[in-house]
Amino acid sequence: MIIMKTKIIFYIVAIVGLFFMSCSDEFLQDKKNYDNATTEIYNYESGCNGRVNDIYGWCLPQPADLTTGTNYLSVSIGSNDLAGKSTEEYSGFSDFVNPEKELSSMDQNPVPDFFLGSSNNIQTSVYGRIRNINDCLKGIQGGTLSDEKKQTLLGQVYFFRAWCYYNLVKWYGGVPIVTDVLEPVESSFTPRSTTKACIDFILEDLDRAATMLKGKVWSGSDYGRVTTGTALALKGRVLLLWASPLFNRKNDESRWQKAYTEMKKDLADIQACGYGLYQTGNNVNGSDFAKQFLVVNGNPEAIFVTLHNNVASDDGLDNQRNNPWERGIRPANTGGSGKNAGLALVELFPMKDGKIANLSNLSPLEKAGTRSYANTYSKLERSEYAYDETAPYMNRDPRFYRTFAFPGFRWAFDGDATQRDGHNPSYNSGKDYVVWNYKWYVDLNEAGNPENGNSYSADNLYTSNVGIYVRKKSDDYDLGTKLYNYEPLASKGAGPFFSQAPLIELRYTEVLMNLAEAACMAGQMGEAVTYLQQIRQRAGYTAENNYGLQANLASDQATCMSAILYERQIEFAYEGKRFDDMRRWMLFDGGATLPSGAPSSWQMTGFGGNTCTWLGFTPWNGQRRERVEFRTGNQFGAGTQYWDGDPLVQAGVERPEGVDFRKADIDTQLTTLKEWYNTNLVPQYKLGDGQDAQKNVEFITFLPKYYFLGLSSGAQNANKGLPQTIGWQDYNNGGAEGTFDPLAE
């Protein structure tokens, strides 16, 4: 255990029945408190189930932003949080890329704490959860249940211990490995283990879990529990992490070979659990890609998943477990808040032929200058389709239309938003809702200024100027699903969408993508391409043009790896995976710069000495991300600041029908929308990332010490015996340089 100087409240809440699985109104209603529980409970199946369910309740990924470490396991789900705002997905500097703010392990500008978490409660403390897991393991092992029942219970708990440690190691490298139930006193001290020891420990737990759960199939109210396939899928992610440049600066090929061999061997066992690509046989404009996130039961894609309900609790019961994603991405005139997509990812998304657009000929942006990411993935072929700045949605990858929403796109839902505000549009009670989020200025002299925010949006969106909405993972009513209760007058939460949409942390597509990466780096590029082809076939591509993949991927390792990382960026957009990939492959600088105090062993000697150069990837450091909105043309004059101040409405301009993605032919619809844009709207570029006090634009700055996080001052103060990570100051040693080496074996 680690030293805990703050008093910890020890309590265990066990839920009878799988509370996180239920979709009923009794969700979390039946609870028992196991304070001061004796070992006797482990002699009963109900007692053991209650303890295991408690582990699920505290360790499953939660649908919240990645914040400072107090958010359970600190995973990102794709929001504009610390992780998302460090990537191409959003704009606006996060703490990790802010050029004016260097994170510190001392008292000022504190580094996020994903190590300690909440120190005064065992359940929300990182190592408190691990202690809870170890207590459960010990109790079940010492109980009197049959070996068969013990195996099933223990397999699930071993998985979650591995899951907890994986989330520590990906940030810090080596951490204390605690396998006993230790008391929170200073004598209960465990030093930091090497990263390799931690990786081996995680893999042992996952192999153990996979073996114990072999042949176990969950159904009914048990659906969603972890399986052999869940353990082996996470194992693949861990093997990939250890083989990646972050931990493998010399490009030790044996690590890649082990990852490839193990992952290929495990694939059959993962598939035997019923996992596979979600496909219906009726894929229209990427509808299968979109619907995979909305299947609650029996989803072959969902390998590691948190289930929810759509209860809007108003009866005092602790039974509301909603997924807030839907209300977080929906436009404000439906009761949501909206997430503003970054221009960089919009422009980097593939064109209709599967290739990147040629962005090098675009005009420089006012103040921000050229798009420095235009040459990113220079080893990959450019598209034959021209990118149209005035209509960026033309001729795009099918997944594009399921990831973003532009003015003029249908985005149907079931609910009358006029009940919330009489000025909101009804659109047949939402069933024919179309996003019309273009904007106008009250003063035309302010139009065209990238710093100006004094504008108003159509359809009563008012100041909610979201230029391009993030649409990914949406419960679009046109998909034939409805997992939410729409209550426009609800005062709870952020809006009226109370959604039971599942949160898929690890899906089958990632299994294929991880195996493709390992195969490529093990020299099996041809096999890697076959996995990319499967993924693109589900997206909507065909063999006619090799699924949009260029011909030399099977013969050029660096190009193949570049294509895999590009595919990950697109396929997993807004799922919280991109920042981890950028850290794994050191895409901020290619590993060119070392933090203070780093030994020579940290030097990148594999991958040609720089991963970015080897991949043909423009380093993310030194770049900017802007936003784009669409405003009314100057010929319509200025509008007013009121809901009915739309210059187009005042001029009697008729809108086209919303683009309906249920129809196989969208090209004609998109062309009609483009013509309407060209007549009535112009793109308005806005500053996304920041400026200094003199209004000079600033650029992304990810410091080399951020690849491995240091222990925060709070974590160090509570754990005085633990050495600080190299590159960070030691709070317990007067600010001296840290000495713990995450790369030492």
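Trainee: Which residue in β14 is the bridge partner of arginine 631?
Mentor: Valine 682 is the partner of arginine 631. Six bridges join β13 to β14, residues 681–686, and the two strands run antiparallel. Two strands pair if DSSP finds at least two bridges between them. Strands are DSSP runs of E with at least two residues, helices are runs of H or I with at least four, and both are numbered from the N terminus.

Trainee: What should I know about the model itself?
Mentor: This is a predicted model, in which local features need pLDDT of at least 70 and side-chain atom pairs count only at pLDDT 80 or more, while totals for chains, interfaces and linings use all residues. Residues are numbered from 1 along each chain as its sequence is written, and side-chain values use heavy atoms, with hydrogens and water left out.

Trainee: Back to β13. Why is it described as largely enclosed?
Mentor: Six of the six residues of β13, residues 627–632, are buried, so the rest of the structure largely encloses the strand. Buried means under 20% relative accessible area, exposed means over 50%, and partly exposed is in between, with a 1.4 Å probe and protein chains only.

Trainee: Now helices. How many residues does α5 have?
Mentor: Helix α5 covers residues 228–243, which is 16 residues. Its first and last C-alpha atoms are 23 Å apart, close to the expected 22 Å. The expected span is 1.5 Å times one less than the number of residues. All of α5 is covered too: 16 of the 16 residues are buried.

Trainee: What caps its N-terminal end?
Mentor: Threonine 227 caps α5 there, with a side-chain oxygen 3.1 Å from the backbone nitrogen of glycine 229.

Trainee: And α1, how many of its residues are buried?
Mentor: In α1, 12 of the 15 residues are buried, among them Trp58 and Cys59.

Trainee: How many residues does the largest nonpolar core have?
Mentor: That core has 201 residues, and Trp585 is one of those with the most contacts inside it. Helix α3, residues 147–172, gives the largest share, 15 residues. A nonpolar core is a set of buried Ala, Val, Leu, Ile, Met, Phe, Trp, Tyr and Cys residues joined through side-chain atoms within 4.5 Å.

Trainee: What does tryptophan 585 contact?
Mentor: Leaving aside neighbours within four places in sequence, tryptophan 585 is in contact with residues including Trp256, Met561 and Phe607. Contact means heavy atoms within 4.5 Å.

Trainee: Last one. Is serine 499 buried or exposed?
Mentor: Serine 499 is buried, at 1% relative accessibility. This serine is in strand β11, residues 497–499. A polar atom of the side chain of serine 499 lies 3.0 Å from the backbone nitrogen of alanine 501.

Notes
A polar contact is a pair of N or O atoms within 3.5 Å; within protein, one must be able to donate a hydrogen and the other to accept it, and residues adjacent in sequence count only if both atoms are side-chain atoms.
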